[in-house]
Amino acid sequence: MRLDVVTIFADYLAPLQLSLIGKAQQQGLLDVRVHDLREHTHDRHRTVDDTPYGGGAGLLMKPEPWGEALDALLADPPAGAREEGPVLVVPSPVGEVFSQRAAVELAAEPWLVFACGRYEGIDARVVEHYRTRIRVREVSLGDYVLNGGEVAVLAITEAVVRLVPGVIGNAASLTEESHAPEHDGLLEHPAYTKPASWRGLDVPAVLAGGNHGAVERWRRDEALRRTASRRPDVLRRLDPARCDRHDLAV
Ligand SMILES: Nc1ccc2ncsc2c1
């Protein structure tokens, strides 16, 4: 997978060289390239922003540097890129709320390009223009606002890259996590390790009993109960035929 990130704060993306993502690059599973948007300005001050038409507080990112930066990337596709080009991912408070399903979809792509907005965002014509050429996904991390897209790119990249085959050593663990499609997107059950008793709190006896069927039943029940309690919206999406705990009020 090739990831291109366009930003005015390249240092924010330094964590992409660490840990799981850094290792995936060393293994050749991932090719991460960070690009400075200011390389696509041509004035003395390397200007990337200006005041918004119609007035209002703050500054917006000008379309021209983005057009030049993104055109340069599209003109040099990586080997294995799809005919339709990359998915352009634009972190934004107005985007679709990112989800494990979106992470799974993006993990299937050979090429992702991330556009990190700053200030009050990017001139709307950039997304409008590139929607005519490639797939564009504006993505929010939730109902809150950051100062720019870089932190969102770190979160999205981690959620996506860990799903790329070979990146996580024990791929089986991916199917047992909260929001995993293999578990109907439910929240994960509580988990325990040694000691069996800690500060007067004991591990549920069923988990140490050696009856795997009983353990699976307990884990499913706990996942359903926890999901009903904390994320009834998730449970409502569950096919009723798979909600084998009809006592859960949602
Ligand atoms: N450009 C920008 C600004 C704020 C923000 N908050 C969440 S994603 C994002 C992206």
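Mentor: Start with angles. Those under 35 degrees count as roughly parallel, over 145 as roughly antiparallel, 65 to 115 as roughly perpendicular and the rest as oblique. Note also that this is a predicted model, where local features need pLDDT of at least 70, side-chain atom pairs count only at pLDDT 80 or more, and totals for chains, interfaces and linings use all residues. Residues are numbered from 1 along each chain as its sequence is written, and side-chain values use heavy atoms, with hydrogens and water left out.

Trainee: Which hand does the crossing of α1 and α5 have?

Mentor: The crossing of α1 and α5 is left-handed. The term applies if the near helix is turned anticlockwise from the far one by less than a right angle; clockwise makes it right-handed.

Trainee: What makes the contact between α1 and α5?

Mentor: Leu 20, Ile 21 and Ala 24 come from α1, and Thr 157, Glu 158 and Val 161 from α5. Contact means heavy atoms within 4.5 Å. These residues divide into four nonpolar, one polar and one charged. Ala, Val, Leu, Ile, Met, Phe, Trp, Tyr, Cys and Pro count as nonpolar, Asp, Glu, Lys and Arg as charged, and the others, Gly among them, as polar.

Trainee: How do you know that α2 and α4 are roughly parallel?

Mentor: The axes of α2 (residues 63–74) and α4 cross at roughly 30° and come within 9 Å. The angle is in the roughly parallel range, so α2 and α4 get that label. Their crossing is right-handed. On the α2 side, Pro 63, Trp 66, Gly 67, Leu 70, Asp 71 and Leu 74 take part; α4 supplies Arg 125, Val 126 and Tyr 130. The division is six nonpolar, one polar and two charged.

Trainee: Why does Leu 29 count as partly exposed?

Mentor: Buried means under 20% relative accessible area, exposed over 50%, partly exposed in between (1.4 Å probe, protein chains only). Leu 29 has 25% relative accessibility, so Leu 29 counts as partly exposed. Leu 29 is in the loop between α1 and β2 (31–36). Gly 166 is 137 residues away along the chain, yet the two C-alpha atoms are separated by 7.5 Å.

Trainee: What makes Glu 120 exposed?

Mentor: Glu 120 has a relative accessible area of 55%, which means Glu 120 is exposed. Glu 120 sits in the loop between β6 (111–115) and α4 (124–131). Beyond neighbours within four places in sequence, Glu 120 touches Ala 57, Gly 58, Leu 59 and Leu 60.

Trainee: How many helices and strands does the protein have, and how are they defined?

Mentor: There are seven helices and nine strands. Helices (H or I, at least four residues) and strands (E, at least two) are DSSP runs, numbered from the N terminus.

Trainee: How much of the protein counts as buried?

Mentor: Of the 250 residues, 42% do.

How values were computed
Axes fitted to C-alpha atoms, helices over the stretch in contact; angles between N-to-C directions.
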